[in-house]
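Visitor: Can you walk me through this one? Keep it brisk.

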Amino acid sequence: MNTQTAYRTHTCGELRLKDAGKHVKLVGWARRVRVLGGVVFVDLWDRYGITQVVFNQQWDKDLYEQAREIDREFVIQVEGEVRERENKNPNIPTGDIEIKAASFKILSKSKVPPFIIEEHTDGGEDLRAKYRYLDLRRPPMQRNLIFRHRLLQFTRNWLSEKGFLELETPFLIKSTPEGARDFVVPSRLYPGHFFALPQSPQLFKQLFMISGFDKYFQIVRCFRDEDLRADRQPEFTQIDCEMSFVDQQDVMNTFEQFVADAFKSLLDYELEPFERMPYEEAMNKYGTDKPDTRFGILITDITKDVKGFGFKVFDTSEYVGALPVPDGSSITRKMWDHWEEYIKRVADVPGFFYVTWKDELKAKGPIIKILGEETVKELFNKSKVGPGDALIIMAGPWEKIVSALGTLRLHIAKELNLIPKDRFKALFVVDFPLLSWNEEENHWEPNHHPFTAPKESDIPILDTNPGKVKAKAYDLVINGVEIAGGSIRIHNQSLQQKIFDLLGLSKEEAYQKFGFFLEALQYGTPPHGGIAFGFDRLTAIMLGEETIRSVIAFPKNKSGRDPMLDAPAPISEEQLKELHIKIIEP
RNA sequence: GGCCCGGUAGUUCAGCAGGUUAGAAUGUCGGCUUGUCAGGCCGAAGGUCGCGGGUUCGAAUCCCGUCCGGGCCGCCA
């Protein structure tokens, strides 16, 4: 790599002892200036590293006096000789040498930065967001964005080599009422009409398959106007893929290889083969459709074991589940109260019981009295725990209880430090139900999207028992984070019509919404399917970052604002007029 | 839309069972210091305690409202 320019002969990261004696020119930011009487040290930083520059009164009195004026984050250019240090710094790669400055120039001064621009900053999140460009000057942020670049390049190369074509799709498209709320762009040429920004290029990539491109990918920005989370931004990046003439296994195998290769190539980490876990198993054992399988502690169904003891809560509940807590007998009462308070706050569960087993069984509530010690010990046994441990028991509707236990499982594991760091566990969750029943609107809804194919074996029960139909859909989960999701699509028109019927979409409505697409389906649609990765999430998880904001150069904050730009913002009367828009104050 | 946490010096925080002049660290500014690398030492400046209202003789501290930031639930086909 050639880094030599009109301003420099070397970067701040490349000089070593072997370069001693060379006359060099460096540019960079003065990261730290140490003024001692008679000698000035400047740590000169650029994205390649840090090189120490020295000014000495004895060498050049004037130059030394001028150097005292250098301040933090000034951009300076230094000319001088590389020499071996008197006191070496083993902590940095260039620590054996320094630049004996012969001359220097301040190219650009800096105001005092609002926070320390170092590995560990003292700045809070909102301040760093406002001065994002300064935060990005910090080594951790530089590393993150450089890693993101490498993952992008890796993805492009890997997919291209496998025959995928990078094809682009439009950003100004049509709003559809399904799914997430659309971001919308007013049309100047068509008063009262709006474009929408894509939530994903879903239908376009299917059209590419109909066009015969066979393998498509795109690293593409998607837009969803929903509330934010640590792992959710209103605009985010997908690795969007689609393949023709494939079934589930083909897609999963291809992208298992992709992810494994990415981890190997970028992190030198060997992922274990990805488990394929049915949705039902994920829910029953982990209480979620995105299980974190890095640690044990599995939910156990004890419904049958606790019925018939005359305890109303158990006898009348659809489901009773148990969650083991290893070493739970030494947990303080305060901690238990905290967990109970936590789960009641986030999950709205009716009953929360726990039993600890130290020398003897102890319970909060009447559990032992009702079930008897023997039965309780059997429950421990069934949950694969015993003396020294504890058991949490909750009763109620299956889905509610199982998710509450799953939420607690994660919460407790975090607080007890049971989750191994520096470990990655990837799996595919499969066999999702195709549809779920919408109580309020009284019709079936697609769990994934309305073009997802059902499993062939379940097609016969589409009419009789739609809730039991499984989809050819799959989610890739790493460390409990949903990283990718996809499905095999319907390529058969009558099947597609049947699904629309189930969803309560009339022919007219369906045509109004996806007319172009339904039309396209009639011109020779190949069997096809695909997957889309949350690229920001993948990057974040590979880097061990808690939020995707850390891997996005200029993210929105929690309230969906850009605190640096101060956007969104009002526009002028003229702009509004041109767009034929009148503001209705809320 | 709901719940939780936070907002005090440039910055990160302490102070908050109401009571003297609101503190620390760090940064900033000034001085001294020739081998530092989170340089050291001495000194100084620096505050609308987010904002508005209320309770009180008295509010950073208690109450209500509001704004801002973060986490979660809802939402995210």
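Guide: Strand 10 (residues 235–244) and strand 22 run antiparallel, joined by 7 bridges. Strands are DSSP runs (E, at least two residues) and helices are too (H or I, at least four), numbered from the N terminus. Strands pair if DSSP finds at least two bridges between them. This is a predicted model: local features need pLDDT of at least 70, side-chain atom pairs pLDDT 80 or more, while totals for chains, interfaces and linings use all residues. Residues are numbered from 1 along each chain, chains are lettered from A and ligands numbered from 1 in written order, and side-chain values use heavy atoms, without hydrogens and water.

Visitor: Which residue stands opposite G529 in strand 10's pairing with strand 22?

Guide: M243. Strand 21 (residues 481–488) also runs antiparallel to strand 22, with 5 bridges. There, I488 is the bridge partner of G529.

Visitor: Is strand 22 buried or exposed?

Guide: Buried, in 7 of its 7 residues (under 20% relative accessible area; 1.4 Å probe, protein chains only). Both faces are covered, with H528 on one side and F533 on the other among the buried residues.

Visitor: Which polar side-chain atom lies 2.7 Å from a base nitrogen?

Guide: One of D227. An N or O atom in the side chain of N557 is 2.5 Å from a phosphate oxygen of RNA strand B.

Conventions: A polar contact is a pair of N or O atoms within 3.5 Å; within protein, one must be able to donate a hydrogen and the other to accept it, and residues adjacent in sequence count only if both atoms are side-chain atoms. Buried means under 20% relative accessible area, exposed over 50%, partly exposed in between (1.4 Å probe, protein chains only).
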